[in-house]
Amino acid sequence: MGLKTPLYDIHVSLGAKIIDFGGWDMPLSYGSQLEEHRAVRRDSGIFDVSHMCVIDLTGARVREFLRHLLANDVAKLTVPGSALYTCMLLPSGGVIDDLIAYFLTEQWFRLVVNAGTRGKDLEWLAQHAAPFGVSVRERSDLAILAVQGPLARAKTASLLSAANGETALGIARFAAAAIDSWFLARTGYTGEDGFEIMLPAEEAPSVWRSLTARGVAPTGLGARDTLRLEAGMNLYGNDMDESRHPLESGLAWTVAFEPKERDFIGRAALERARAQGCDELVGLVLEERGVLRSHQTVLADSRAGEAGARIGEITSGTFSPTLNRAIALARVRRGVGARVLVDIRGQPQAARVVKPPFVRNGKVLIQL
Amino acid sequence: MSEHVPDDLQYTRTHEWVRALANGQVEIGITDHAQEALGDLVFVEVPQVGRELKAGEACAVVESVKAASDVYSPVSGRVIARNEDLAQKPELLNSDPYGAGWLMRVDLSSAPADGPWLKAAEYAQYVKEAG
């Protein structure tokens, strides 16, 4: 038996298939994963992501600390409530975790990190925060509900008073606001608009029920994975980990090399990798029927000089319900061209190389 | 969720079903329990007509959003038909695993007899015990 979120009993009562995820008993799906996926693209879905770990960092030098700790630069966060997606790196450049950092006040930032990396993240933070006099506090008193989809914001706002609802709908993309007991962030992991609500654990069941009563579909981790992959978003442990750096993981956009004098952990290693060149993460769309899966081998296309040579590996693959095709993220040698082969059970199958995301805001962004 | 186990079929411990047809032929598919465990099916690969199967051999692949799973032939014999509808509608395996979601038909006449397989009650008990 694993850890349970405050919504566990609700998941069970809804008939959810429960799986272990990072030590937590979490809902995989409540029936049809495909229907849950489509509900999020067309209307709205609600996810229990309370297994994720909220960490509050406080202290006079907290901004300075995070500018040292994180590969992206929290100096970009000038308005309270604004947020930043970033990696936290080892000196080798390997990714300890990816996370969202929220700027609340000059003395208070909030991080949301992955469930599976919680222990090592907290240790790493504590070790590096001490010299800056920054205190690290895990907020296990909070639950997180992700409400995602084109109608998600309106349905969430409808639970609030008129004034609070207006505040909620006024939150800019990738920003957050405190609304009574809620910390409401316009962030997510689906490629749709929506909110992530951090709220006291004891309030989570009633908010869940109110939202599902408004037609927001209970959605499990299965659909969360197909949604994020369509959105071209990385999954820690699949698409990057401590042995891989952001530049070979499609995350160069999250590394702030400017200003040059900012000395963040991992900087030197990334500068070397950038100078030497490295693999890259690309999107793949399978041309024929079948399903792409992580760890399948990517081979050079028959039209290339060295047909059949191993040039990379799929890091995340799935059947895309929106495209009705198999899609994947793959780490390959830079410059592989427009077409590759993927070894599916010994059969080389043609796949097209595309630039993720595949789907955003309900729209297909690649040519089929 | 209670799963359907029709009385007129026989079953394997790897969750295939066998339906006796006339003339020494059988129809083969996967059970309701199997489709339920796999979740939404999105791709099915069935053997070519004419292929000679050996009992216990991996002969088809069913893939859900979550995972790929092999289907093992319960019988030895020659494939005489395969369900071509599954190419476009793999979800038939979810909606009608014992009917429109059949996988293939096999002629047993040239092969030694296989089985016996599990009766419905035995399979239902097996699934229950396997949890």
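Guide: Two strands are said to pair if DSSP finds at least two bridges between them. Please keep in mind that this is a predicted model. In it, strand 5 and strand 6 of chain A pair in the antiparallel sense over seven bridges.

Visitor: Which residue of strand 6 of chain A is the bridge partner of A:Ala83?

Guide: The bridge partner of A:Ala83 in that strand is A:Tyr102. In general, strands of a sheet pair through backbone hydrogen bonds, either parallel or antiparallel.

Visitor: What is the order of the open sheet of five strands in chain A?

Guide: The order is 5-6-7-4-8, and the pairing is antiparallel. Strand 5 and strand 8 of chain A stand at the edges; each has a single partner strand, so one side of each lacks a neighbour in the sheet. On average, neighbouring strands of this sheet are turned by 30° against each other, direction ignored.

Visitor: How many bridges join strand 4 of chain A to strand 7 of chain A, and how many join strand 4 to strand 8?

Guide: Strand 4 (residues 53–58) of chain A pairs with strand 7 (residues 108–113) of chain A over six bridges, in the antiparallel sense. Within that pairing, A:Leu57 has A:Phe109 as its bridge partner. Strand 4 of chain A is also joined by four bridges to strand 8 (residues 135–138) of chain A, again with the strands running antiparallel. There, A:Ser135 of strand 8 stands opposite A:Thr58.

Visitor: Let us turn to the helices. Which residues of helix 3 of chain A are buried?

Guide: Burial is judged by counting neighbours: a residue is buried if 20 or more other C-beta atoms lie within 10 Å of its own. In helix 3 (residues 62–69) of chain A, the buried residues are A:Val62, A:Arg63, A:Phe65, A:Leu66 and A:Leu69. They lie on the same side of helix 3 of chain A, because they cover an arc of only 155° around the axis.

Visitor: Against which elements do the buried residues of helix 3 of chain A pack?

Guide: They pack against strand 4, strand 5 (83–89), strand 6 (95–105), strand 7 and helix 4 (118–129) of chain A. As a whole, helix 3 of chain A packs on the sheet, and its direction makes about 35° with that of strand 7 of chain A.

Visitor: Where does helix 4 of chain A lie?

Guide: Helix 4 of chain A lies across strand 4, strand 5, strand 6, strand 7 and strand 8 of chain A. It runs at about 160° to strand 8 of chain A.

Visitor: How many residues lie between strand 18 and strand 19 of chain A in their hairpin?

Guide: Two residues lie between these strands, and A:Arg345 in the turn has a positive phi of about 50°. Six bridges join strand 18 (residues 339–344) of chain A to strand 19 of chain A, which run antiparallel. Among the facing residues, A:Asp343 stands opposite A:Pro348 of strand 19 of chain A. Strand 19 (residues 347–354) of chain A also pairs with strand 14 (residues 280–286) of chain A in the antiparallel sense, over four bridges. In that pairing, A:Leu286 has A:Ala351 as its bridge partner.

Visitor: How many helices and strands does chain B have?

Guide: Chain B has three helices and nine strands. From the N terminus on, its elements run β-β-β-α-β-β-β-β-β-α-β-α. An open sheet of three strands in chain B has the order 4-6-7, with antiparallel pairing. Strand 4 (41–45) and strand 7 (68–72) of chain B are the edge strands, each pairing on one side only. The twist from one strand to the next averages 25°. Strand 6 (residues 58–64) of chain B is joined to strand 7 of chain B by five bridges, and the two run antiparallel. B:Ala58 has B:Tyr72 of strand 7 of chain B as its bridge partner.

Visitor: What radius of gyration does chain B have?

Guide: The radius of gyration of chain B is 14 Å, which agrees with the value near 14 Å that a compact globule of 131 residues would have. Along its principal axes the C-alpha trace of chain B spans about 40 × 35 × 20 Å. Of the 131 residues, 43% count as buried.

Visitor: Finally, how many residues of chain A are in contact with chain B?

Guide: There are 13 residues of chain A in contact with 10 residues of chain B. Helix 2 (33–42), helix 8 (221–230) and strand 16 (310–320) of chain A are the elements that give two or more residues to this side of chain A. By class, that side has three nonpolar, eight polar and two charged residues.

Definitions and conventions
Residues numbered from 1 in each chain as written. Chains lettered and ligands numbered in written order. Predicted model: local features only at pLDDT ≥ 70, side-chain atom pairs only at ≥ 80, totals over all residues. Contact = placed C-beta atoms within 7 Å. Nonpolar A, V, L, I, M, F, W, Y, C, P; charged D, E, K, R; others polar. Rg over C-alpha atoms; globule rule 2.2 N^0.38 Å. Buried ≥ 20, exposed ≤ 12 C-beta atoms within 10 Å, placed from the backbone. Arc of directions from axis to C-beta. Axes fitted to C-alpha atoms, helices over the stretch in contact; angles between N-to-C directions.
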